[in-house]
Amino acid sequence: MEIVFDHVSKKIGKNLVIDDMSFKVDSHKITGLKGINGSGKTMVMRLISGLIYASSGTVSIDGKVLGKDIAFPQSLGLLLENPSFINKYTGYDNLRMLADIRSTINEERIQEVMRIVGLEENGKKKYKKFSLGMKQRLGIAAAIMERPQIILLDEPTNALDTDGVEMVKDIINTEKERGATVVISCHDSETLETLSDEIIEIQSGKITRQYMPKPKFEENNYVI
Amino acid sequence: MKFIKLLYFDLKHGVFKSYYKYLFFLLLVSLAFWECHSTLSANDLNNAKFSDYLLYIYGGAKEYIPTPGVAFKLPYLWLLNHVLILFFVLNYMHKDLEGVGQQIIFRARSRNLWWISKCFCQFLSILFYYLLSWLEILCLCLISGVTISFENSTFMVDVMDFGEKLLPVTNLCLIAETTIYPLLFTLCLGFVQMCLSLFIKPIFSYIVSVAVCISSAYRINIFLIGNFSMALRSNTVISNGVNDLFGIFILLVLGSVSIIIGKIKFGKYNILNRE
């Protein structure tokens with residue numbers, strides 16, 4: 001699915017958080033959002049997800065304008081910063097509760113996703129007893145479980161250990177191979193450059209640079 | 001189908017999992033009942049009926065006419081009933097919107113369905129508070145040996161000091177005055193509060209609700225809609241009371257308009273986490 005920002009600005013109260021932003025995210029590609037805290041990465045994610053709409057300009061998904069033609073992208077998986085679930089439920093129950101809304105996946109798929117994110121051994125543990133890393137893993141599981149066409153991952157490596165970061169990289173690459181359009185934001189430039197087909201740098205709500213990261217072998221040659 | 005699932009989620013998490021709120025509310029209703037019981041006993045009205053207890057708790061107060069030396073008495077049981085219920089239903093929508101509700105709303109792919117589900121949830125939640133409190137008062141009356149009847153007794157004349165202005169009230173009217181009207185008022189103000197909370201912070205919308213209740217107790221005015229919920233200010237109970245039918249009309253219109261404005265506002269509402 002193609003995502004197009006056309007001269008998008010967004011005001012929250014009196015603050016201009018996104019300033020005349022235009023870019024295109026190609027289908028089946030991984031696009032990285034780079035920028036310091038407060039630069040506007042999360043707002044871009046929220047604009048794509050339909051949780052907020054543009055004050056001016058348009059955000060469109062496959063030609064359909066969000067807030068006008070559609071309220072939300074038709075097939076979306078979303079991980080925002082600090083994912084939140086129901087404390088009294090187990091990780092599995094939380095995923096099942098969310099999956100029940102669309103009823104597009106079965107219990108086996110939920111079990112499979114729990115295994116992919118490394119939570120299969122914590123099936124009976126309540127969410128309130130989850131560590132930060134486990135919460136993050138559950139957030140990632142919720143974002144990918146329904147095999148969505150668009151996956152938005154805001155700081156997916158937050159609170160994860162080295163193994164967790166590798167797991168996230170594997171998941172993102174697998175989702176890309178499946179045909180999903182992935183947008184990620186990450187503090188870690190190295191992880192972002194390794195994963196992304198294209199990187200958009202954002203500063204104070206504006207795009208400052210848009211580029212293709214160098215392929216690995218090219219970088220090695222350069223270093224040598 | 002999606003709406004049923006959204007409503008099921010809201011009822012489960014917004015109504016039935018808030019059992020501690022209901023317990024607290026029922027505790028206060030029992031305190032109100034015992035206060036009423038002791039007042040009636042003090043006035044030697046041993047023939048008081050179930051309807052008198054409902055009137056005492058939900059009936060409000062007669063019109064206050066500012067007079068030197070006469071202090072304004074706040075109908076605190078009437079006020080407490082409304083402000084407590086409105087407080088209990090205040091936060092669910094916003095709490096859900098900042099948490100797992102964000103995952104739910106984009107899966108439902110409709111802001112309208114989500115809003116309507118929240119309105120249904122609020123309606124059922126308020127209704128549930130009332131049903132529980134009526135049931136509790138009924139049980140306490142049965143335990144205390146109070147006659148279960150809606151017949152008009154001398155209670156209002158003697159305790160509320162209405163004297164000659166009191167009109168003969170039919171049983172059906174008394175049932176409506178002590179149950180339907182307070183319920184309609186809480187529902188209406190609940191929807192106004194819910195709608196307002198999309199424009200201003202939820203706590204400020206709650207302050208507006210409390211202000212409407214207190215102002216309604218202080219003076220009679222059609223804009224102070226709390227008057228329509230007070231049996232002791234109704235034109236079926238006193239000769240110069242507020243018009244009940246007009247009250248129903250105003251409450252229904254205001255509640256419906258709030259739901260519609262809320263739906264329009266929520267269609268463009270920024271779903272963000274509170275900073």
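## Fold of chain B

Read along the sequence, chain B follows the pattern α-α-α-α-α-α-α-α-α-α-α, and its secondary structure amounts to 11 helices and 0 strands. Helices (H or I, at least four residues) and strands (E, at least two) are DSSP runs numbered from the N terminus. The model is predicted: local features need pLDDT of at least 70 and side-chain atom pairs count only at pLDDT 80 or more, whereas totals for chains, interfaces and linings use all residues. Residues are numbered from 1 along each chain as its sequence is written, and chains are lettered from A and ligands numbered from 1 in the order in which they are written.

The radius of gyration of chain B is 20 Å, close to the 19 Å that the globule rule gives for 275 residues, so chain B is as compact as a globular protein of that length. This radius is taken over C-alpha atoms, and the rule is 2.2 Å times the number of residues to the power 0.38. Along its principal axes, the C-alpha trace of chain B spans about 60 × 40 × 30 Å.

## Burial and contacts in chain B

Of the 275 residues in chain B, 41% are buried. A residue is buried if 20 or more other C-beta atoms lie within 10 Å of its own, exposed if 12 or fewer, and partly exposed in between, with C-beta atoms placed from the backbone. Among contacts in chain B with a separation of 6 or more, 76% join residues 24 or more positions apart; two residues are in contact if their C-beta atoms, placed from the backbone, lie within 7 Å.

## Packing of H2(B) and H3(B)

The axes of helix H2 (residues 19-42) and helix H3 (residues 50-58) of chain B come within 10 Å and cross at roughly 115°. Axes are lines fitted to C-alpha atoms, for helices over the stretch in contact, and angles run from 0 to 180 degrees between N-to-C directions.

Ala32(B), Phe33(B), Cys36(B) and Leu40(B) of H2(B) meet Asp52(B), Tyr53(B), Tyr56(B) and Ile57(B) of H3(B) in this contact. The residues divide into 7 nonpolar, no polar and 1 charged. Here Ala, Val, Leu, Ile, Met, Phe, Trp, Tyr, Cys and Pro count as nonpolar, Asp, Glu, Lys and Arg as charged, and the others, Gly among them, as polar.

## Interface with chain A

In the interface, 17 residues of chain B are in contact with 21 residues of chain A. Helix H1 (2-15) and helix H6 (101-108) of chain B are the elements that give two or more residues to the side of chain B that touches chain A. H6(B) gives the most, with 6 residues. The residues of this side divide into 6 nonpolar, 5 polar and 6 charged.
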